[in-house]
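Please open the model in your viewer and keep a selection panel at hand.

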Amino acid sequence: MRAGGAGEAARDAFLYLLAFSTLATWTIALSTLMFTFIDLWFPDPVARQSFPSTRYTIAHEMAVVIVSFPIFLFVMRFIFREVETHPERLESGVRRWLAYIALLIAAGAVIGDLVSFLTSFFEGELTLRFVLKVLTVMVIASGVFWYYLGSLKRDGEHVEA
């Protein structure tokens, strides 16, 4: 265990859990916001439209993104600065666990998204709305997946250097 022991481990846990939870918060809010805009721009002619709840959803999800995304960026910037001055922080078990959990969740979202897309394709029920929602999930989940995969690869390169 590195110098600082349990105090630094608790601090690392706080920082990485805060980064991970704000990442989850703003990505889910962004997805919901995009789904709402897709529903507005490409209305389902059969479904009843509910614009009052749509306004609330847009307002709420925008507020969530406006609050959680800057916190995520601030915490990540703080973590990156800490790593620059103390490269041994890359070896944090909490950080690695959360990175792998993020990979698992993102991979699960991509896999579920592809299964859902193929199911609709095989049933002949693809609509533009559905394809746009699939693409939304694919872009966001893939971005998170590649970011965390890259961070783990960089760690491996840093440890070997």
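In this predicted model, begin by selecting M62, I66, V67 and I71, which together form a nonpolar patch on the surface with about 360 Å² of accessible area. Within that selection, centre the view on I66, which is found in helix α2. Is I66 buried or exposed? Its relative accessible area is 59%, and because the threshold for exposed is over 50%, I66 is classed as exposed.

Next, select the whole chain and colour it by secondary structure: there are four helices and zero strands, and reading along the sequence gives the pattern α-α-α-α. With a surface displayed, the chain exposes about 10300 Å², of which carbon and sulfur atoms supply 72%, while 32% of the 161 residues count as buried.

Now hide the surface and turn to the largest nonpolar core, which has 20 residues, and in which L23, I79 and Y148 have the most contacts inside the core. The elements that give two or more residues to this core are α1 (5-41), α2 (51-85), α3 (93-122) and α4 (128-160), with α1 giving the most, namely six residues.

Finally, select Y148 and show its surroundings. Leaving aside neighbours within four places in sequence, which residues is Y148 in contact with? They are L23, A99, A102 and L103, and of these L23 is also among the residues with the most contacts inside the core.

Terms used
Residues are numbered from 1 along each chain as its sequence is written. This is a predicted model: local features need pLDDT of at least 70, side-chain atom pairs count only at pLDDT 80 or more; totals for chains, interfaces and linings use all residues. Side-chain values use heavy atoms; hydrogens and water are left out. A nonpolar core is a set of buried Ala, Val, Leu, Ile, Met, Phe, Trp, Tyr and Cys residues joined through side-chain atoms within 4.5 Å. Buried means under 20% relative accessible area, exposed over 50%, partly exposed in between (1.4 Å probe, protein chains only). Contact means heavy atoms within 4.5 Å. Patches are made of residues with over 30% relative accessible area and no salt bridge: like charges are joined within 9 Å, nonpolar side chains (Val, Leu, Ile, Met, Phe, Trp, Tyr) within 5 Å. Accessible areas come from the Shrake-Rupley method with a 1.4 Å probe; for residues, only the protein chains shown count as cover. A salt bridge is a side-chain nitrogen of Lys or Arg within 4 Å of a carboxyl oxygen of Asp or Glu.
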